[in-house]
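Please go through this structure with the short report below. Each heading takes one topic.

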Amino acid sequence: MKTKTILITGASHGIGKAIAARFAAEGFSLVLNCKNDIDILHDYADRLSHTCGIQALAIPGDVSDHDFVREMFARAQATFGGIDVLVNNAGISHVGLLTDLSIDDWNRVIATNLTSVFSCCHEAVPYMVRRKSGCIINISSVWGNVGASCEVAYSASKGGVNSFTKALAKELAPSNITVNAIACGVIDTRMNSCFDAEERASLEKDIPMGRYGEPQEVAALAWQLASAPAYLTGQILTIDGGWQ
Ligand code: NAP
């Protein structure tokens, strides 16, 4: 039987990195992407490939660039023959008042967090449809459900990801392909490194679980989604310690 392949965008840090480790431990071949920390990505792909005895291909580039995404999938498919699990994880945040948000900031957030999801699905789906199987997991946010003050672009991008997920799940269910999203609360990654110790303690007080989530907990949920019955599709699964 062919070894299954997962493609994870934004795998140099945080949640994407943890998802890569989890699927490598399960024997998947990996295609790992990021935009900036290219050396970290290559080292990580090498490390997982040695420690887990799997194949791992690093393809750095900007997922907000549709042409790059097409090249990334062409390379991935030439190496592994197709992607069985796609995790759209790459994302950026932008904090500030709407009135201070430039059109360039808006476009950057929407292109990175939402348009990239369209581009990756566009390239991944034809192979999945031919195989009549596949799993797409979009990493979203609780702000996509309820909106955050001073994060309108980010909230809009994740709200878009949630609607995209539900719509594509309906379109692909007849082909036995699942499409789900994981809406994260506060997860302990670089994205939240802007909070100092006092701000962190105050935020943790508001979270019923009393702490940030770990990237490995999101990775465990991603693995469960990838191994769940195909009837579980079109869902936005929130993992936030009971916060929102
Ligand atoms: P992170 O540690 O900052 O990781 C973000 C990843 O995305 C990095 O690997 C980064 O790689 C990559 N990336 C950013 N822009 C990219 C681009 N244009 N093309 C390719 N890769 C790009 O943050 P994280 O918390 O793990 O975030 C992962 C996902 O979880 C994001 O979608 C985020 O919105 C979502 N999320 C996180 C939280 C949280 O509390 N942490 C909450 C809700 C949702 P390089 O910098 O090396 O390019």
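Is Asn176 buried, exposed or partly exposed? Asn176 is partly exposed, because its relative accessible area is 41%. On this scale buried means under 20% relative accessible area, exposed means over 50%, and partly exposed lies in between (1.4 Å probe, protein chains only).

## Basis of the model

This is a predicted model: local features need pLDDT of at least 70, side-chain atom pairs count only at pLDDT 80 or more, and totals for chains, interfaces and linings use all residues. Residues are numbered from 1 along each chain as its sequence is written, and side-chain values use heavy atoms, with hydrogens and water left out.

## Overall fold

The protein chain has eight helices and seven strands. Helices (H or I, at least four residues) and strands (E, at least two) are DSSP runs, numbered from the N terminus. The radius of gyration of the protein chain is 17 Å, close to the 18 Å from the globule rule for 244 residues, so the chain is as compact as a globular protein of that length. That radius is taken over C-alpha atoms, and the globule rule is 2.2 Å times the number of residues to the power 0.38.

The C-alpha trace of the protein chain spans about 50 × 40 × 35 Å along its principal axes. Of its 244 residues, 49% count as buried. Helix α4 holds Tyr127. Tyr127 is buried, with a relative accessible area of 8%. Tyr127 and Asp105 are 22 residues apart in sequence and 34 Å apart in space, C-alpha to C-alpha.

## Ligand site

Around the ligand there are 32 residues, and Asn36, Asn89, Tyr154, Thr189 and Asn192 come nearest. A residue is near a molecule or strand if one of its heavy atoms lies within 4 Å of it. A polar side-chain atom of Tyr154 lies 2.6 Å from one. For a polar side-chain atom of Lys158, the distance is 2.9 Å. A polar backbone atom of Ile187 is 2.8 Å from an oxygen atom of the ligand. The protein covers 96% of the 890 Å² of accessible area that the ligand has on its own. Accessible areas come from the Shrake-Rupley method with a 1.4 Å probe; for residues, only the protein chains shown count as cover.

Asn192 sits in the loop between β6 and α7 (197-206). At 18% relative accessibility, Asn192 counts as buried. A polar side-chain atom of Asn192 lies 2.7 Å from the backbone oxygen of Ile187. This is a polar contact (a pair of N or O atoms within 3.5 Å; within protein, one must be able to donate a hydrogen and the other to accept it, and residues adjacent in sequence count only if both atoms are side-chain atoms).

## Aromatic pairs and charges over rings

The whole structure contains four aromatic pairs. In the pair of Phe23 and Phe28, the ring centres are 5.1 Å apart and the planes stand at 85 degrees, so the pair is edge-to-face. Rings of Phe, Tyr and Trp (its six-membered ring) pair if their centres lie within 6.5 Å; planes under 30 degrees apart count as stacked, over 60 as edge-to-face and the rest as tilted. Phe23 also pairs edge-to-face with Trp223, at 5.2 Å centre to centre and 75 degrees between the planes. This pair links distant parts of the chain: Phe23 is in helix α1 (residues 14-25) and Trp223 in helix α8 (residues 215-227), 200 residues apart. Phe23 and Phe28 are both buried. Trp223 is buried as well. Phe23, Phe28 and Trp223 form one aromatic cluster.

Two rings carry a charge over the face. Lys17 lies over Tyr44, 5.0 Å from the ring centre. The charged end of Arg200 sits over the ring of Tyr212, 3.9 Å from its centre. A charge sits over a ring if NZ of Lys or CZ of Arg is within 6 Å of the ring centre and within 35 degrees of the ring normal.

## Loop residues

Asn176 lies in the loop between α6 (152-172) and β6 (177-184). Its phi is near 65 degrees, a positive value in a residue other than glycine. Lys132 also has a positive phi, about 55 degrees, although it is not a glycine. Lys132 is in the loop between α4 (103-131) and β5 (134-141). At 48% relative accessibility, Lys132 counts as partly exposed.

Thr9 is in the loop between β1 (5-8) and α1. Thr9 is buried, with a relative accessible area of 2%. A polar side-chain atom of Thr9 lies 2.9 Å from the backbone nitrogen of Ala90.
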